[in-house]
Amino acid sequence: MYQLYPVIDYWADQPFLPSHPITILHNQEQKMVPYMTGLNKDEGGMLVAPQWKNMKPGDNQLAENWGYIGAQQVLTLSPKEITFEKELTARMIAQFYVGKDGVNRENKQGLSDMFTDAFFAYPNTETVKLHSQSSAPIYNYLMSYRGSASFAPLFA
């Protein structure tokens, strides 16, 4: 799994991003222009697809190790930050999304929803909340159209 983080270019003569984006939004130092943001329905499916091989019926390594793997992937913790409580939290989050049947191939929509919320919907919502404190208009969307050439059926 990969994660993208902002690069703060404080060293530049005319920095594009002189401080962390959250700091900029909290201080309302962003450009006061209309802001459009959003996400695609089932966007988390692309994070479920690489795990498919680990969810073989009869040998579901993902389910067996979900506490540890979930703490890394959903809670974005490093191995040294993982505790029993964090593993339990990851299991509880998974149970909320996939129910008592657990992490398995039959529950790919619930897994997709979990990753969509964790990596796309939640950050989007928080950014919209911060932008809404300024005077500039905000346009937030959820793209749910599936064209005939969509990869979505492979992921969700």
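Student: Why is Gln30 called buried?
Tutor: This is a predicted model, in which local features need a pLDDT of at least 70 and side-chain atom pairs count only at pLDDT 80 or more, while totals for chains, interfaces and linings use all residues. Residues are numbered from 1 along each chain as its sequence is written, and side-chain values use heavy atoms, with hydrogens and water left out. Buried means under 20% relative accessible area, exposed means over 50%, and partly exposed lies in between, using a 1.4 Å probe and protein chains only. Gln30 has a relative accessible area of 12%, and therefore it is buried.

Student: Where is Gln30 placed, and which residues is Gln30 in contact with, leaving aside its neighbours within four places in sequence?
Tutor: Gln30 sits in the loop between α1 (21-26) and β1 (35-40), where helices (H or I, at least four residues) and strands (E, at least two) are DSSP runs numbered from the N terminus. Contact means heavy atoms within 4.5 Å, and, leaving aside neighbours within four places in sequence, Gln30 is in contact with Ile24, Leu25, His131 and Ser134. Gln30 and Ser134 are 104 residues apart in sequence, with 8.9 Å from C-alpha to C-alpha.

Student: What makes Tyr145 exposed?
Tutor: Tyr145 has a relative accessibility of 63%, so it counts as exposed. Tyr145 lies in the loop between β4 and α7.

Student: How do you know that helix α4 is mostly covered?
Tutor: Six of the eight residues of α4 (residues 66-73) are buried, namely Trp66, Gly67, Ile69, Gly70, Ala71 and Gln73. These buried residues pack against α3 (61-64), α5 (84-98) and α6 (108-131).

Student: What makes a set of residues a nonpolar core, and which residues have the most contacts inside the largest one?
Tutor: A nonpolar core is a set of buried Ala, Val, Leu, Ile, Met, Phe, Trp, Tyr and Cys residues joined through side-chain atoms within 4.5 Å. The largest has 20 residues, and those with the most contacts inside it are Met55, Leu62, Trp66, Val103, Leu111, Met114 and Phe115. The largest share of this core, five residues, comes from α6.

Student: How confident is the predictor in the protein chain?
Tutor: The pLDDT is the predictor's confidence in each residue, from 0 to 100, and the protein chain averages 90, with 94% of the residues scoring at least 70. Among the elements of the chain, α7 (residues 152-155) has the lowest mean pLDDT (65) and α5 the highest (96).
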